[in-house]
Amino acid sequence: MGAQLRIYRRRIRSVKSTKKITRAMELISASRIVKAQQRVAASTPYANELTRAVSAVATFSNTNHPLTTESAEPKRAAVLIVTADRGMAGAYSTNAIKEAEGLIVTLKARGLQVLTYVVGRKAVNYYKFRNRAVKNSWTGFSDKPTYANAKEISTELIAAFLKDAAIDNEGVDELHIVFTEFKSMVTQVALNKRMLPLEVVESDGPAPAGLLPMYEFEPNAGEVLNALLPRYIESRVYNALLQSAASEHAARRRAMKSATDNADELIKSLTRLANAARQAEITQEISEIVGGADALSSANAGSE
Amino acid sequence: MSDSLLTVEFVTPEARVWSGKAKMVSARTLEGDLGILPNHSPLLGALVDGKVTIKGADGANEEFEVHGGFLSVANNRVSILGEAGA
């Protein structure tokens, strides 16, 4: 076998084994999207009930809770960026990071200092590589976040929010979150949302039917709101994490699908080249033999 | 007699734990134990760690542990938002 042909065969083998890997990753992601979607669905009843309860309290009480009041002179804003832990997901993490960059620029234009909180190894590395300060980071659960993860993140964010930004360097006046919304299997959009201060009437999902009843509060509206709002933030963070996880799997599936398709393409064209090389080799051998025989016969003819 | 039963939903962030019709729900709020029977007035309460008992339409008692959470009652619809219910 000629050198040319051997090289082609080697490349085909290597592309084939890469294809096996990308194909496996594609299938794994495809099955995980379904699970991630189910988890989003499982968390919706809680989120809906909570939204109902928050709007009920907000409608029927005039309590000025620190989590709902806007600071007159905001000084500092926190941005939570949700990205993936692993790559191989196309532009998934890059899109979220870009969205965050845009948001940070707008916040800075408003004269705010920005503290970044990041989720996912991709964003951590991005910030580390550029030597930019990160207030805190969480990694290791981007593809399967639990409520405990969301709670951990929100606890820290709420604590930062409750500190007075005017006197405390750790305190923030606004809290934004950047995550990737899972619209469908093919569409995922990186977007940013302001979580705090809360815009009180927000209708995520179906609006509560009809008028809200006059609630009695136990022990009182202020206390209930106190306990309710942190839960609300947690559930919003949890939802953002779950949607991001679903988007991550979808993005990975798509990236791996095109990698597999590309590998197929490559194998096809390499096979053509290998065939041509083999044929060229055979042609050469034949012409060598014919040439050799010719030379021999003409040498014999000369000696007679 | 569907109006004499409560429609109960017990949900946690990760899943819906229990849903169905019930005769009575009892839970412990910040102010103390609370029992809810059908036609209770609208109420929103903060729960403390403890047990939530749901007496189902068939009379069977279901008990759940909650670690904080809420209870909202309106129009014979009870929703219990527990954290880490089991």
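How many bridges join β1(A) to strand β4 (residues 174–182) of chain A?

Modeller: This is a predicted model, in which local features need a pLDDT of at least 70 and side-chain atom pairs count only at pLDDT 80 or more, while totals for chains, interfaces and linings use all residues. Residues are numbered from 1 along each chain as its sequence is written, and chains are lettered from A and ligands numbered from 1 in the order in which they are written.

Five bridges join β1(A) to β4(A), and the two strands run parallel; helices (H or I, at least four residues) and strands (E, at least two) are DSSP runs numbered from the N terminus, and two strands pair if DSSP finds at least two bridges between them. Within this pairing, Ile81(A) stands opposite Val178(A) of β4(A). Strand β1 of chain A covers residues 76–82, and it is also joined to strand β2 (residues 113–119) of chain A, again in parallel, by seven bridges. There, Ala78(A) has Leu115(A) of β2(A) opposite it. Together with helix α2 (residues 92–109) of chain A, the strands β1(A) and β2(A) make a right-handed β-α-β unit (right-handed if, with the strands pointing away from the viewer, the path from the first strand over the helix to the second runs clockwise).

As for how covered β1(A) is, seven of its seven residues are buried, where buried means that 20 or more other C-beta atoms, placed from the backbone, lie within 10 Å of the residue's own, exposed means 12 or fewer, and partly exposed lies in between. In a regular strand the side chains alternate between the two faces of the sheet. Here both faces are covered, with Arg76(A), Ala78(A), Leu80(A) and Val82(A) buried on one side and Ala77(A), Val79(A) and Ile81(A) buried on the other.

In soluble globular proteins, nonpolar side chains tend to be buried together. The largest nonpolar core holds 92 residues, of which Val57(A), Ala78(A), Val79(A), Leu80(A), Ile81(A) and Val178(A) touch the most other members; such a core is a set of buried Ala, Val, Leu, Ile, Met, Phe, Trp, Tyr and Cys residues joined through C-beta atoms within 7 Å. Helix α5 (residues 221–303) of chain A gives the most to this core, with 18 residues.

Helix α5 of chain A also holds Arg253(A), which counts as buried because it has 22 C-beta neighbours inside 10 Å. Apart from neighbours within four places in sequence, Arg253(A) is in contact with Glu26(A), Ser29(A), Ala30(A) and Ile33(A). Another helix of chain A, α4 (residues 147–162), has 16 residues that at 1.5 Å a residue should span 22 Å, and its end C-alpha atoms are 22 Å apart, so the two agree; the expected span is 1.5 Å times one less than the number of residues. Among the buried residues of α4(A) are Tyr147(A), Ile153(A), Leu157(A) and Phe161(A).

Chain A also meets chain B, in a contact that takes 23 residues from chain A and 22 residues from chain B. On the side of chain B that touches chain A, the largest share, four residues, comes from β4(B). By class, that side has 11 nonpolar, seven polar and four charged residues, with Ala, Val, Leu, Ile, Met, Phe, Trp, Tyr, Cys and Pro counted as nonpolar, Asp, Glu, Lys and Arg as charged, and the others, Gly among them, as polar.

Within chain B, β4(B) pairs with β7(B) in the antiparallel sense over five bridges, with Leu47(B) opposite Gly69(B) of β7(B). Five of the six residues of β7(B) are buried, and six bridges join β7(B) to β8(B), which run antiparallel. In the hairpin of β7(B) and β8(B), where two residues lie between the strands, Asn75(B) takes a positive phi near 50°. Asn75(B) is partly exposed because 13 other C-beta atoms lie within 10 Å.

Definitions and conventions:
Contact = placed C-beta atoms within 7 Å.
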